[in-house]
Amino acid sequence: MHKLRLKVPDTSPRRGVGILAGSGPLPAQVAAAAQARGHDVFVVAFRDFAELPLLAPYPHEVFRLAAAGEILSALKRRGCRELVLIGPVRRPAWRDLRPDGEGARILARLGRAIFLGDDGLLGAVVRVLGEEGFVVRGAHEFLQNATGHSGALGRVAPDMQARADIARGVSVLRTMAQLDIGQGCVVQNGLVLAVEALEGTDAMLGRCGSLMQAGSGGVLVKMPKQGQDLRADMPTIGPETLENAARNGLRGVAFQPGVTLLTDPVRCIAQADRYGLFLYGLTTDDLKE
């Protein structure tokens with residue numbers, strides 16, 4: 001005789017995920033991935049930065065960057081217990097911030113961190129959000145299929161000279177990490193053409209066009225700084241990165257898989273193949289000290 005089994009409904013609360021959205025396509029991709037996992041999503045779209053057409057399908061509100069009181073109230077009202085910080089936001093001049101009362105209180109809690117580099121400031125922001133009762137997650141926890149893998153992702157693989165330039169780039173970025181400077185550099189035949197600072201990867205690549213030497217093209221290397229909090233900032237590569245690399249005479253892009261976001265992996269690989277570039281995930285051997 002079969003026993004009748006009653007299905008008990010799942011009454012556990014759904015996890016509310018708040019997405020603090022800067023520019024670019026990644027905030028919408030995180031929202032879609034979180035929804036697909038069954039989470040309730042609410043997007044804080046930072047005015048003058050967030051791509052509102054991309055966020056239109058998801059519950060969202062637009063806020064000034066320094067309207068911390070309004071933002072925290074909205075997140076708590078929407079039941080958000082977890083937060084994702086995703087999408088670049090240009091650091092504003094402090095005189096332009098005009099913080100609300102809660103924003104002024106948070107700036108005071110950030111203290112000297114507001115005058116530090118990105119790592120110090122973003123780390124302090126994560127700490128303050130934790131003190132406010134939120135759990136901060138990394139975008140890569142939701143976009144696990146967008147962090148690449150080791151080896152060549154497309155049809156082209158780096159040759160011996162490119163591998164040597166990649167090794168040089170890894171060494172340069174490790175040295176830069178000690179000074180909290182950038183996540184990318186361009187190397188050509190052992191010569192460092194450019195390092196990424198506040199201007200970002202695309203602007204750095206634009207500078208390389210006039211600096212490229214005769215012979216084989218340069219190599220872009222992207223990787224996070226050692227000890228970097230990936231919940232606040234991850235290296236990012238998109239199809240436009242590959243297009244800019246080709247336009248400025250580079251021969252390929254190397255990145256650290258698992259800790260680098262590809263905004264559109266399929267299009268990134270297609271662009272690399274189209275321009276005859278390599279898109280290469282660093283291996284364990286590439287990352288050896």
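Predicted model: local features only at pLDDT ≥ 70, side-chain atom pairs only at ≥ 80, totals over all residues.
Residues are numbered from 1 along each chain as its sequence is written, and side-chain values use heavy atoms, with hydrogens and water left out.

**View 1. The whole protein.** The secondary structure comes to 9 helices and 13 strands. Helices (H or I, at least four residues) and strands (E, at least two) are DSSP runs, numbered from the N terminus. Of the 289 residues, 47% count as buried. Buried means under 20% relative accessible area, exposed over 50%, partly exposed in between (1.4 Å probe, protein chains only). Look at contacts with a separation of 6 or more: residues 24 or more positions apart account for 73% of them. Contact means heavy atoms within 4.5 Å.

**View 2. Isoleucine 19 and its neighbours.** Isoleucine 19 is found in strand β1 (residues 16-21). Isoleucine 19 is buried, with a relative accessible area of 0%. Leave out residues up to four places away in sequence, and isoleucine 19 touches Pro27, Val30, Ala31, Val41, Phe42, Val43, Val44, Val84 and Ile86. Take valine 84: 65 residues separate it from isoleucine 19 in sequence, but the C-alpha to C-alpha distance is 4.8 Å.

View 3. Two strands pair if DSSP finds at least two bridges between them. β7 runs antiparallel to β9 (residues 218-222), joined by 4 bridges. There, valine 187 stands opposite valine 219. β7 also pairs with β8 (residues 191-195) in the antiparallel sense, over 4 bridges. Here valine 186 faces alanine 194. The hairpin of β7 and β8 has 2 residues between the strands, and asparagine 189 takes a positive phi near 50°.

**View 4. Cysteines.** How many disulfides are there? The count comes to 0, where a disulfide is a pair of cysteine sulfur atoms within 2.5 Å. For cysteine 208, the nearest cysteine sulfur is that of cysteine 185, 9.5 Å away. Cysteine 208 is buried, at 0% relative accessible area. Cysteine 80 is buried too, at 5%.
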